[in-house]
2 protein chains.
Amino acid sequence: MADLLKGAAVAAALNEKMSAKVAALVEKGVAPTLAILRVGAREDDLSYERGAVKRCETVGVSVKSVVLPADVGQDELQAAIVALNNDASVHGVLMFRPLPKHLDEELACRTLLPAKDVDGITSGSLAGVFSGSGEGYPPCTAQAAMEILEHYGYDLKGKRAVVVGRSLVVGKPVGIMLMGKHATVTTCHTRTVDMPSITREADLLVVAAGVASAVTKEYLSPGQVVIDVGINVNAEGKLVGDVNFDDADSIVSAITPVPGGVGTVTTSVLVSHVVDAAEKTLK
Amino acid sequence: MADLLKGAAVAAALNEKMSAKVAALVEKGVAPTLAILRVGAREDDLSYERGAVKRCETVGVSVKSVVLPADVGQDELQAAIVALNNDASVHGVLMFRPLPKHLDEELACRTLLPAKDVDGITSGSLAGVFSGSGEGYPPCTAQAAMEILEHYGYDLKGKRAVVVGRSLVVGKPVGIMLMGKHATVTTCHTRTVDMPSITREADLLVVAAGVASAVTKEYLSPGQVVIDVGINVNAEGKLVGDVNFDDADSIVSAITPVPGGVGTVTTSVLVSHVVDAAEKTLK
């Protein structure tokens with residue numbers, strides 16, 4: 001049986017650290033505030049929003065909701081973003097995507113200030129991840145994977161890490177961040193030939209393939225640590241990851257469960273970015 | 001004996017393509033222009049500048065030189081960058097780095113418009129490489145490596161590529177660009193354990209280690225294509241790459257020579273960025 005790298009303990013530790021920081025900020029007259037900018041009312045967005053609001057409450061971060069109708073025009077959206085950029089009481093902005101198709105999402109992302117981009121959607125944040133310059137913030141899910149590794153004391157230096165998936169929100173940033181921690185990183189994707197022969201060589205496997213239970217026993221080997229970033233609904237209506245859990249459980253050394261793994265940590269990372277952004281306003 | 005992937009043929013093909021584009025632009029009243037912004041007179045900068053100017057002349061791109069004294073203040077430097085940003089007759093800006101230590105290089109880079117950043121130094125360009133969005137331009141040396149592979153018809157899809165080096169100007173962008181061409185990419189660096197066992201598994205090896213002849217026969221295997229990005233002066237005062245050429249020549253299938261490989265293509269890539277930037281002003 002593999003060790004379970006549960007997200008709850010990671011989130012709790014992060015929250016505790018953030019609560020202390022929020023208290024210190026409030027004492028200095030700064031109330032860390034997340035603005036949530038939502039267009040329309042997609043069920044996915046609402047569900048994530050509930051989680052984020054709850055997490056903010058836990059830690060003492062204020063939330064300001066800005067909701068625009070699903071048929072809002074670009075000008076009004078731009079004006080809302082600029083208003084949040086200029087609002088000194090707002091430290092971070094979470095803008096839900098995808099935006100409705102009639103809107104220019106790229107323009108909207110470009111308008112947001114990287115310093116308030118707590119979800120890593122601006123060019124400034126992407127460049128910050130890529131260069132390690134500290135500009136903006138990494139995508140929350142990617143950083144959640146890193147927080148889990150750090151919380152459980154996994155030293156990445158010199159380790160062979162394999163990332164499955166090359167998306168801009170998980171695969172690419174995780175690969176760069178693992179490299180920054182001195183792992184030797186290989187990124188696999190849909191065009192990779194004989195993927196199991198590559199993933200089996202990994203000390204650490206981060207899977208963000210977006211396909212339910214795609215990683216089965218032939219991909220795995222004993223001693224591995226597996227971070228499963230996937231969240232899928234399988235044929236029986238059950239939440240499952242991108243890794244076949246039973247296969248992994250019988251082979252690898254440690255794995256994040258789904259649900260209860262990476263997804264559990266994401267909103268805590270978001271909130272930690274808001275707190276960090278609020279701290280920077282004091283510098 | 002390995003095939004020699006000479007840079008001259010790649011540069012010549014690029015130059016020919018660019019000459020035709022320049023002629024078409026000039027016919028439309030646009031004279032593609034590179035501004036070279038140099039602070040002081042470092043020998044490295046002067047040498048690269050001579051090459052760039054010559055390459056611009058070959059292709060018909062105009063050059064505007066802006067030279068500031070080595071003890072220039074930040075304000076004056078910023079003003080020079082802003083003036084180039086605002087000068088519609090300038091399509092690309094090459095700013096030599098490192099800047100003298102008393103200057104804030106990060107601020108200077110941040111000031112340059114990504115649309116004119118033909119050498120890939122701004123956040124916009126870095127984010128463009130990372131996301132594949134087409135914003136800005138990739139660092140010229142990294143793209144020169146890619147141009148060589150394309151010129152010689154090397155199909156990257158499904159190939160195992162290993163990049164040695166994780167610098168922001170070569171290793172990281174090359175890794176991301178190879179991934180964009182559907183290679184499975186591993187990035188090795190100084191903390192990698194048993195690097196030869198990893199590099200030997202590569203179909204394609206891109207070496208940007210910055211150490212003369214660091215890659216010797218135990219790193220190599222038959223059939224490999226090797227791109228040597230290194231340029232070093234060895235104990236005998238001779239220019240050598242990061243790969244031991246004699247070792248590689250007797251084992252691998254193809255290799256770029258040093259000198260005469262990647263370095264030969266870099267200024268042609270720079271000029272192609274200027275031409276592209278000029279074309280974009282017509283859109």
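Two residues are in contact if their C-beta atoms, placed from the backbone, lie within 7 Å. In the predicted model described here, local features need pLDDT of at least 70 and side-chain atom pairs count only at pLDDT 80 or more, while totals for chains, interfaces and linings use all residues. Residues are numbered from 1 along each chain as its sequence is written, and chains are lettered from A and ligands numbered from 1 in the order in which they are written.

By the contact criterion, 23 residues of chain B touch 23 residues of chain A. Helices (H or I, at least four residues) and strands (E, at least two) are DSSP runs, numbered from the N terminus. On the side of chain B that touches chain A, at least two residues each come from α5 (123–131), α7 (171–180) and β6 (184–188) of chain B. The most is given by α5(B), with six residues. For the division by class, Ala, Val, Leu, Ile, Met, Phe, Trp, Tyr, Cys and Pro count as nonpolar, Asp, Glu, Lys and Arg as charged, and the others, Gly among them, as polar. On this basis the side of chain B that touches chain A has nine nonpolar, nine polar and five charged residues.

The two chains are also joined through strands. Strands of a sheet pair through backbone hydrogen bonds, either parallel or antiparallel. Two strands are taken to pair if DSSP finds at least two bridges between them. Strand β6 (residues 184–188) of chain A pairs with β6(B) in the antiparallel sense, over three bridges. Within this pairing, B:Thr187 in β6(B) is the bridge partner of A:Val185. The pair belongs to an open sheet of 12 strands with mixed pairing, in the order β1(A)-β11(A)-β8(A)-β7(A)-β5(A)-β6(A)-β6(B)-β5(B)-β7(B)-β8(B)-β11(B)-β1(B). Its edge strands are β1 (3–4) of chain A and β1 (3–4) of chain B, each of which pairs on one side only. In the chain A part, strand β8 (residues 225–228) and strand β11 (residues 254–255) run parallel and are joined by two bridges. There, A:Val225 stands opposite A:Ala254 of β11(A).

A second sheet lies in chain B. This open sheet has three strands in the order β3-β2-β4, and the pairing is parallel. The edge strands, which each pair on one side only, are β3 (62–68) and β4 of chain B. On average, neighbouring strands of this sheet are turned by 20 degrees against each other, direction ignored. Seven bridges connect strand β2 (residues 33–39) of chain B with β3(B) in the parallel sense, and B:Thr33 stands opposite B:Ser62 in β3(B).

Chain A is divided into domain 1 (30–113) and domain 2 (140–263), with bounds that come from an automatic or database domain assignment. The centres of these two domains of chain A, taken over C-alpha atoms, are 30 Å apart.

Helix packing was described with axes, which are lines fitted to C-alpha atoms, for helices over the stretch in contact; angles run from 0 to 180 degrees between N-to-C directions. In chain A, helix α2 (residues 43–59) packs against helix α10 (residues 262–280) at an angle of about 55 degrees, and their axes are 9 Å apart. The helices α2(A) and α10(A) are therefore oblique to each other; angles under 35 degrees count as roughly parallel, over 145 as roughly antiparallel, 65 to 115 as roughly perpendicular and the rest as oblique. By class, the residues are five nonpolar, three polar and one charged.

Some backbone features were also noted. Most residues other than glycine have a negative phi, and most peptide bonds are trans. A:Val258 and A:Pro259 are joined by a cis peptide bond with omega of about -5 degrees, and A:Pro259 is placed in the loop between β11 and α10 of chain A. A cis peptide bond also joins B:Arg97 and B:Pro98, with omega of about 0 degrees. B:Pro98 is in the loop between β4 (92–95) and α4 (105–111) of chain B. B:Asp194, although not a glycine, has a positive phi of about 50 degrees, and lies in the loop between β6 and α8 (195–199) of chain B.
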